[in-house]
Amino acid sequence: MPSESPATCVADVHAVLGEGPVWVQRERALYWVDIKGRKVFRLDDRGEVREWDTPLRVGSMVPRAGGGFIAATEDGFADVGLDAGRFDILFNPEEHLRDNRFNDGKVDRRGRFWAGTMDDREREASGTLYVFEAGSEPTPVDTSYNVTNGPAFSPSGDIMYHNDSARQVTYAFDIGSDGKAVNRRVFLQFGPGDGYPDGMTVDEEGCLWIAFWDGWAVRRFSASGEWLQTVRMPVSRPTSCAFGGIDLDLLYVTSASIGLEEEALKMQPNAGGLFMVKPGVRGLADLPFAG
């Protein structure tokens, strides 16, 4: 464990599998989920935390332009009203894959929701990345993933990054003028001792921030793949990150406590918490889902 960390725990919620942080500008609040604990959390700019129980496992959740949220869940894409406890399934493209569930997801620079699935048992490479555009059904983009995580988008929206965490690889895709993702290539390949690339985000300079499961860190890489910076974390399993705050100058990092033995939990009393870092660079405002 790192002897010191610039990360501060700002919500000690002890999530089982914290994930999916997203800053909702209209509320000046950060939302995130606990997939395995079946919860949604909200931290506002006054430091107050709210939580909602969910009737199913939510991998990621993003605000809708028309109000409310869209979520990628174990039963497909859902229209969400938190206060009403409403999770109305809109599309389930993998109803035939009983062991699959949606995991991470983000909205691109055009207001489309990209989210990936995975085998919840982590045995089969049955995961698929989908794009969901308002007014149409989800479309498969890329297949044969073990554990999908991300995606993240360049400032102009012409490059998408996406992880297969189990393979320790970050892919890059080109987003063409037609909005399709093409030309998949390996952007970063990690190995023993690096940890597993999990959720990620892009800052205003076009650099990629990746949370590393079992890596005790969030790392920053340039658009050319150069390793620029490491933020040491006080937990071994940071899971994702997102910029927030009124000026988008705060980096929020989710984490997990799942799978940690008793001795490890003693060393990491805030495992599963939400952390905040001041990285010295601003993020980009996320668009809501255009629907």
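The residues that line the largest cavity divide into eight nonpolar, two polar and three charged, where Ala, Val, Leu, Ile, Met, Phe, Trp, Tyr, Cys and Pro count as nonpolar, Asp, Glu, Lys and Arg as charged, and the others, Gly among them, as polar. The model is a predicted one, in which local features need pLDDT of at least 70 and side-chain atom pairs count only at pLDDT 80 or more, while totals for chains, interfaces and linings use all residues. Residues are numbered from 1 along each chain as its sequence is written, and side-chain values use heavy atoms, with hydrogens and water left out.

**Cavities**

- A search of the whole structure finds two cavities of 30 Å³ or more, a cavity being a set of points, on a 1 Å grid over the protein atoms alone, where a 1.4 Å probe fits but cannot get out, and lining residues being those with an atom within 4 Å of a point.
- The largest cavity holds about 120 Å³ of space, a volume being the space filled by probe spheres set on the grid points, which are joined across faces, edges and corners.
- Of the 13 residues lining the largest cavity, Arg-109, Phe-153, Thr-201, Val-202 and Asp-286 are the closest to its centre, and the elements that give two or more residues to this lining are strand E10 (100-107), E14 and strand E18 (196-202); strands here are DSSP runs (E, at least two residues), numbered from the N terminus.
- The second largest cavity has a volume of about 70 Å³, and its lining includes Gly-20, Ser-60, Lys-106, Asp-286 and Leu-287.
- Strand E2 (18-24), strand E6 (58-63) and E10 each give two or more residues to the lining of the second largest cavity, with E6 giving the most, four residues.
- By class, the lining of the second largest cavity has seven nonpolar, three polar and two charged residues.

- About 360 Å³ of space lies in the largest pocket, a pocket being an open set of points with protein on both sides within 12 Å along at least five of seven lines.
- Among the 20 residues that line the largest pocket, the closest to its centre are Met-118, Glu-122, Val-147, Asp-198 and Trp-213, and the lining comprises nine nonpolar, four polar and seven charged residues.
- E10 and E18 each supply at least two residues of the lining of the largest pocket, and E18 has the largest share, three residues.
- The second largest pocket has a volume of about 180 Å³, and of its 13 lining residues the closest to the centre are Arg-112, Val-131, Thr-139, Gly-179 and Lys-180.
- Strand E13 (residues 139-145) provides the largest share of the lining of the second largest pocket, three residues, and that lining divides into five nonpolar, three polar and five charged residues.

**Four-stranded sheet**

- Four strands form an open sheet in the order E14-E15-E16-E17 with antiparallel pairing, two strands being paired if DSSP finds at least two bridges between them.
- Strand E14 (148-153) and strand E17 (181-189) stand at the edges with a single partner strand each, so one side of each is left without a neighbour in the sheet.
- Strand E15 (residues 159-164) pairs with strand E16 (residues 169-175) in the antiparallel sense over six bridges, and Met-160 stands opposite Phe-173 in E16.

**Thr-8**

- Thr-8, in strand E1 (residues 8-11), is partly exposed, with a relative accessible area of 45%, where buried means under 20%, exposed over 50% and partly exposed in between (1.4 Å probe, protein chains only).
- Leaving aside neighbours within four places in sequence, Thr-8 is in contact with Leu-274, Phe-275 and Met-276, contact meaning heavy atoms within 4.5 Å.
- Thr-8 and Leu-274 lie 266 residues apart in sequence and 8.4 Å apart in space, C-alpha to C-alpha.
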